Amino acid sequence: MYITPAQHDLLKELINIGVGKAAGLINQMVSTHVQLELPEVRLLGAEDMAEYLGRSGQEILSTVRLAFRGAFSGWTGLVFPKPTASWLVSQLIGQELGAASMDLDSLRIGTIQEVGNIVLNGIMGSIVNILGVSVDYFPPDYFETGLSGLFAADETTARVVLLIKARFRLENEAAEGDILILFHVDTFQDMLAALDRLLGNASA
């Protein structure tokens, strides 16, 4: 699957618009200022995908995943190494999580799920609203697994994966994770066509 430089730049612009709105909502929730940066947005080819899956090995990841269907179908996920997710939660709530307990686990999971829901909805909402299409969302899921487990259910499906590197910056420190958008391949082609229509309208 190929994406042209113009399509890539427009898609990145739409994603950045959504991230800007999401960062604003997160900052309304917490006492510390959060700056959300996206240093990299790229399409993963088959070799890139194999390298990406192999790089994390069996590392356990904290993942919020939001499935969607309609004009585009697939899922989008916010993925952190588990220690990074715990650190981010402690910064957001202004409280060290300390030793594991059921209550603290519920707090960590609930906070990460809320942040993920805001970020993922912000990105997908920006894409579909500006492209003028309709998409339905399923309730977000939280789970802890390796990357291979995250993609296991889609192994037999023709898919296209967009990798967005994400950096949550809080004062002088940052938590880094990945935002993944998996499209079923036929609907990704539909999205490219919608990007082309928007590009055509802009140049007309």
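These legends describe close-up views of a predicted model.

**View 1. The largest pocket and its lining.** The largest pocket has a volume of about 220 Å³. It is lined by 12 residues, and Tyr52, Glu59, Pro81, Lys165 and Asp178 are the closest to its centre. By type, the lining residues are 5 nonpolar, 2 polar and 5 charged.

**View 2. The largest nonpolar core.** This core holds 52 residues. Ile15, Ile127 and Phe168 touch the most other members. Helix H4 (residues 102–131) is the top contributor, giving 10 residues. In soluble globular proteins, nonpolar side chains tend to be buried together.

**View 3. The surroundings of Ile15.** Neighbours within four places in sequence are left aside here. Beyond them, Ile15 is in contact with Leu38, Val41, Ile123, Ile127, Leu162 and Ile164. Of these partners, Ile127 is itself among the core members that touch the most others.

**View 4. A second core.** A separate core has 13 residues. Its members include Met49, Trp75, Phe151 and Leu180.

**View 5. Asn172 in its loop.** Asn172 sits in the loop between strand S6 (159–170) and S7. Its relative accessibility is 77%, so Asn172 counts as exposed; the cut-off for exposed is over 50%. Met49, one of the second core's residues, is 123 residues from Asn172 in sequence. In space, Asn172 and Met49 are 32 Å apart, C-alpha to C-alpha.

Note on methods
Residues numbered from 1 in each chain as written. Predicted model: local features only at pLDDT ≥ 70, side-chain atom pairs only at ≥ 80, totals over all residues. Heavy atoms only, no water. 1 Å grid on protein atoms, 1.4 Å probe; cavity = no way out; pocket = protein on both sides within 12 Å on 5 of 7 lines; lining within 4 Å. Points joined across faces, edges and corners; volume = space filled by probe spheres on them. Nonpolar A, V, L, I, M, F, W, Y, C, P; charged D, E, K, R; others polar. Core = buried A, V, L, I, M, F, W, Y, C linked by side-chain atoms within 4.5 Å. Buried < 20%, exposed > 50% of the residue type's maximum accessible area, 1.4 Å probe, protein only. Helix = DSSP H or I, 4+ residues; strand = E, 2+ residues; numbered from the N terminus. Contact = heavy atoms within 4.5 Å.
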